[in-house]
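Me: I have a structure open and a few quick things to ask. Can you take them one at a time?
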Amino acid sequence: MKFTLIFRVPASAGQLPMPLAASMDDEKDVNGELEKFKGQAKKIMRQTSMTSPSPCTIEAGAYSFHYVIAEAPGPSTPKICFLTLAEKSYPRRFAFDYLDDLQKEFLQLHGQQIESVERPYKFITFDTFIQKTKKLYMDTRANRNNLKMMSEDLRDIQGIMTKNIQEVLGRGEKLETVTNRSSQLSMETKRFKDKATSLYRDLLLRQWAPIAVVLVVVCILLWFFYR
């Protein structure tokens, strides 16, 4: 993981996201590549809303942004986004396991304070845990066998929406529109399923109704004949 950002998602359209914690740079950014991705991460942060899809992967060339949104305790149930940048070849399953570990620890330590935070990066000392966890997940030599055993398949990643960075940022697309598209697709699928069920029911009715009528008539005649 190149870097990690944790922020409070805006509760309404008029509010701004609140960065809560971030990883400190542990390597030199010689060609300015990391700064470019940090800028993209800030744009993603500003476009994230309460209805943004989660979990989600945003592909950006040789790298991918991965994020999850979780609810924090509090009267208004604030939402927290945990975002990281990793090489595209790094297994998404590991990336989201990494974010899940951060989420559990962060909410346990600071969950009750999230709603009242007014100063950016108030929990910057959380970087200690970020660095420790990142080291565990980036130790590919120790995890080489696990990487083979835990290769991604549809069961692991079918619930993760994937977007392209140009789609999300290049055209200024809000992340919530992704959710709207997903919801629209689900509604269309449901309508198609309901229509297919109705047609199948009508077909059965046309096929078996005449036979049922004949059987009723026969039963009535037999009853009159043998009574």
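Predicted model: local features only at pLDDT ≥ 70, side-chain atom pairs only at ≥ 80, totals over all residues.
Me: Is cysteine 56 buried or exposed?
Reply: Buried, because its relative accessibility is 0%.
Me: Switching to strands. What joins strand 1 to strand 2, and how do they run?
Reply: Four bridges join strand 1 (residues 3-8) to strand 2, and the two run antiparallel. Across that pairing, isoleucine 6 stands opposite alanine 21 of strand 2.
Me: How many residues of strand 2 are buried?
Reply: Five of the five, over residues 18-22, so strand 2 is largely enclosed by the rest of the structure.
Me: Now helix 1. How many residues, and what span?
Reply: Helix 1 (residues 33-47) has 15 residues and covers 22 Å from first C-alpha to last, close to the expected 21 Å.
Me: Which residues are buried there?
Reply: In helix 1 the buried ones include Leu34, Phe37, Ala41, Ile44 and Met45. Lys38, Gln40 and Gln47 are buried as well.
Me: What forms the nonpolar patch on the surface?
Reply: Val216, Ile220, Trp223 and Phe224, with about 430 Å² of accessible area together.
Me: Where is valine 216 found?
Reply: In helix 7, residues 175-226. Valine 216 has a relative accessible area of 47%, so it counts as partly exposed.

Definitions and conventions: Residues numbered from 1 in each chain as written. Heavy atoms only, no water. Patch = residues over 30% accessible without salt bridge, like charges linked within 9 Å, V, L, I, M, F, W, Y side chains within 5 Å. Areas by Shrake-Rupley, 256 points an atom, 1.4 Å probe, with all protein chains shown as cover. Salt bridge = Lys/Arg side-chain N within 4 Å of Asp/Glu carboxyl O. Buried < 20%, exposed > 50% of the residue type's maximum accessible area, 1.4 Å probe, protein only. Expected span 1.5 Å × (residues − 1). Pairing = 2+ DSSP bridges.
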